[in-house]
Amino acid sequence: MFSTREKTILNLLFKNQQKFTTAQIAAQLKASSRTVKTDIKRINAELEKYSCSIQTKQGVGLWLNCEGDGEQFLRTILYGEQDNSYIAQDVRKYYLAVELLLQNRYTSMEAIASKFYVSKGTAVNDFRELEEEGFWKKFGLTFIKKVKYGIRVEGSETQIRLAATDALKRTSRRDGRMSGGRIQMVFEHVDLGQIRECIQRTEERFRYVLTDVSFDEFLIQLAVMGERLLGGCPMEEMEEPPEEEERIELVVQYLRNLLEKMVEVEVPDSEKNYLKTCMQGLRYHVPMIREQERSKIRERSSEMFDYMIELLQRVDERYLLELAGDDELAYSMFEHLECMVYRIRSKMFAANPILDSIKKEMFFEYDIASYLAAKFSRKYKIEVTEEEIGYIAFHIGASIERSRQRKRQNYRVTVVCMTGVGTSQFISMKLKRLFAELEIVQILSGKQAGMLKPDMQDFVISTVPLEVNVEEIPVIYVSSVLNEQDVKKIQEYIQQKRGARDGKNISCPHLKKYFHKEITILGCDLRSREEAIELLGGRMQREGYASEGYIASVLEREKLSETAVGGLIAIPHAFGDYIRKQGIGFMTFQKPVTWGSEKVQMVLMLALKANEKNEFQEIFGEVLELTRDPKFVEQILKVKKFSELQAAL
């Protein structure tokens with residue numbers, strides 16, 4: 001963040017708390033006054049984010065001015081001191097929101113600000129940001145303000161608890177886990193350690209295991225409930241949720257008893273449905289009950305289950321997969337979708353700490369998940385979040401991987417050896433141990449090599465020279481002891497047969513196949529993704545690759561979830577049947593443009609028909625390789641002609 005010299009300047013001003021001239025600081029650093037002025041300009045550009053700045057006045061000198069959390073920020077940067085009083089600005093606003101939400105009385109903005117070591121002005125700005133991003137509106141909350149009393153949140157108990165829980169989830173670290181010490185400070189009456197123990201005991205008693213993220217979410221929900229109950233705010237009567245498992249009633253009763261005993265909070269009957277609702281939205285490593293038969297899973301909601309299978313069948317047709325027949329996917333996907341619909345309707349929004357990684361590393365699976373989510377959104381009148389789409393992508397990815405394992409290509413091999421049965425058996429056993437994909441169909445001596453026929457095996461592993469046509473019968477020659485060099489030779493051959501690329505000489509034959517000159521636009525001077533979609537989509541419609549409505553569908557797809565996949569690349573496409581003939585529109589920009597949360601300089605607009613032979617997985621795999629090879633992308637961005645693009649690919 002700061003260079004060594006910049007830290008020295010800050011330390012000098014912070015430690016001495018007095019005014020210095022530029023010349024005095026320059027003398028201390030053994031640098032020129034111009035260098036010091038440049039450093040101070042850079043320092044101030046960074047400090048302005050943290051209510052801190054280096055002030056300067058001609059004839060007076062330089063001094064450090066800190067407000068609110070600025071001082072703690074500098075202590076952290078300069079001396080590594082950290083405590084719960086310093087909270088980064090991007091999450092501080094949510095802590096401030098929780099402080100207001102958990103109050104059952106009027107409170108002043110000054111009181112809220114002082115608890116977090118910030119100025120009243122900083123707190124007001126934070127609340128303004130929450131207003132602008134629609135946080136309060138999302139939960140239907142308003143405020144009552146009274147002179148001499150302060151401010152108070154207005155809404156139902158359900159709305160307040162949902163908002164407080166959501167705000168606290170937004171304070172999680174990048175790995176999705178909570179910072180326990182910081183979150184504890186917003187709770188005046190409950191101990192998070194005691195609630196954590198209640199959840200763990202319940203897991204042990206009923207033999208289920210929550211995911212780490214769901215464990216933390218449940219911990220927050222119970223802490224918010226406890227704090228509100230101890231503050232005299234019980235839950236109003238809630239509609240009983242559709243129970244996912246019969247055992248939930250027992251789990252809730254057991255948990256209520258634990259909370260009353262350990263947290264010393266009375267949990268009235270009116271809280272039962274709230275607890276059930278919370279549990280309905282949780283995700284499990286080990287669920288309470290895992291049904292194995294489709295018929296029993298379907299009994300929970302036959303209409304939703306049948307619709308899910310119908311969508312999976314459409315996906316299979318569209319992407320040439322075999323998802324609909326995967327029983328394990330049927331269970332896990334249905335469980336997720338059923339909970340997802342309930343979560344979103346209940347405004348218990350799921351957190352997904354690795355969403356960015358999923359979108360960039362699994363964008364083939366994420367695209368399928370987006371397609372499913374779009375259909376579910378319309379069917380069940382909900383707005384599916386990107387976090388939920390990310391979880392769906394994982395279920396789909398697991399199913400695709402299971403399918404790959406089932407279909408993993410085995411290679412039939414003939415072993416030819418001249419030194420006897422012992423050697424041939426040794427080589428055969430070693431090959432089986434090292435290469436699970438090899439099926440040894442026969443073992444021949446050198447004299448029997450004349451029996452070899454092309455259709456008997458995929459290739460031959462031999463310890464002796466053979467007189468065969470290598471184009472008809474490929475041969476790998478190895479030593480009788482099958483040393484490391486021999487093993488490497490076999491590995492390389494198998495990789496070559498699979499068409500694996502080493503990443504050093506990247507090539508994109510599947511992309512190249514669908515690129516066409518008439519739908520390629522190079523070196524555009526555009527300012528937005530909308531301009532890009534309109535221009536390239538319009539070209540694809542005029543050239544007969546897409547029909548009317550294609551552009552609108554692509555823009556609708558972007559609203560659901562942006563299609564930037566990292567590495568300056570985006571892959572916009574439509575969900576509807578707007579494709580007349582297959583192709584991939586290609587466009588590059590002179591300068592990167594903002595594409596959602598990413599920067600993009602290369603666009604691949606997909607127009608690939610469902611129900612026809614296309615290489616979706618291969619195409620997405622090649623795009624993934626592009627995102628991982630910035631030098632190759634840079635090379636492509638420099639091309640001026642379509643012929644140069646084809647040559648580069």
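In this predicted model, Glu264 is exposed, with a relative accessible area of 65%. Glu264 sits in the loop between α13 and α14. Its phi is positive, at about 60°, although Glu264 is not a glycine. Most residues other than glycine have a negative phi. A positive phi, of about 55°, is also found at Lys381, again not a glycine. Lys381 belongs to the loop between α19 and α20, the latter spanning residues 386-407. With a relative accessible area of 74%, Lys381 is exposed, because exposed means over 50%.

Strands β3 (residues 142-146) and β4 (residues 150-154) pair in the antiparallel sense, and 5 bridges connect them. Thr142 is found opposite Glu154 of β4. The hairpin of β3 and β4 has 3 residues between the strands, and Lys148 takes a positive phi near 75° there.

Parallel pairing occurs elsewhere in the chain. Strands of a sheet pair through backbone hydrogen bonds, either parallel or antiparallel. An open sheet is formed by 4 strands in the order β8-β7-β9-β10, with parallel pairing. At its edges are β8 (438-444) and β10 (475-477), each of which pairs on one side only. From one strand to the next, the twist averages 25°. Within this sheet, β7 (residues 411-416) and β9 (residues 459-462) run parallel and are joined by 4 bridges. Thr414 has Val460 of β9 as its bridge partner.

Contacts between charged side chains were examined next. Side chains of opposite charge can pair when their charged atoms come close. The structure holds 27 salt bridges. One of them is formed by Lys93 and Glu133, whose closest N and O atoms are 3.1 Å apart. Lys93 is part of helix α5 (residues 89-101), whereas Glu133 is in the loop between α7 (120-132) and α8 (135-138), so this pair ties together parts that are 40 residues apart in sequence. The two partners fall into separate accessibility classes: Lys93, at 9% relative accessibility, counts as buried, while Glu133, at 36%, counts as partly exposed.

A salt bridge also links the side chains of Asp269 and Arg256, with an N to O distance of 2.9 Å. Asp269 is in the loop between α13 (248-262) and α14 (272-280), and Arg256 is in helix α13, so the pair ties together parts that are 13 residues apart in sequence. Asp269 is exposed, with a relative accessible area of 57%, but Arg256 counts as buried at 7% relative accessibility. The loop that holds Asp269 is also the place of Glu264.

In another salt bridge, the side chains of Asp367 and Arg557 meet at 3.5 Å, N to O. Asp367 comes from helix α19 (residues 363-380) and Arg557 from helix α25 (residues 550-560), so the pair ties together parts that are 190 residues apart in sequence. Asp367 counts as buried at 3% relative accessibility. Arg557 is buried too, with a relative accessible area of 3%. Salt bridges can also share partners, and in this way Arg5, Glu6, Asp39 and Arg42 are joined into one network.

Rolling a probe the size of a water molecule over the atoms shows where empty space is left. The structure holds 4 cavities of 30 Å³ or more. The volume of the largest cavity is about 80 Å³. Its lining consists of Lys359, Phe363, Tyr366, Asp367, Arg557, Glu562, Thr563, Ala564, Val565, Ile571 and His573. Two or more of the lining residues are given by each of α19 and β12 (564-566). Helix α19 supplies the largest share, 3 residues. By class, the lining has 5 nonpolar, 2 polar and 4 charged residues. Both Asp367 and Arg557 are in this lining, and these two residues meet in the salt bridge of 3.5 Å described above.

Key. Residues are numbered from 1 along each chain as its sequence is written. This is a predicted model: local features need pLDDT of at least 70, side-chain atom pairs count only at pLDDT 80 or more; totals for chains, interfaces and linings use all residues. Side-chain values use heavy atoms; hydrogens and water are left out. Two strands pair if DSSP finds at least two bridges between them. Axes are lines fitted to C-alpha atoms, for helices over the stretch in contact, and angles run from 0 to 180 degrees between N-to-C directions. A salt bridge is a side-chain nitrogen of Lys or Arg within 4 Å of a carboxyl oxygen of Asp or Glu. Buried means under 20% relative accessible area, exposed over 50%, partly exposed in between (1.4 Å probe, protein chains only). On a 1 Å grid over the protein atoms alone, a cavity is a set of points where a 1.4 Å probe fits but cannot get out, and a pocket is an open set with protein on both sides within 12 Å along at least five of seven lines; lining residues have an atom within 4 Å of a point. Grid points are joined across faces, edges and corners, and a volume is the space filled by probe spheres set on the points. Ala, Val, Leu, Ile, Met, Phe, Trp, Tyr, Cys and Pro count as nonpolar, Asp, Glu, Lys and Arg as charged, and the others, Gly among them, as polar.
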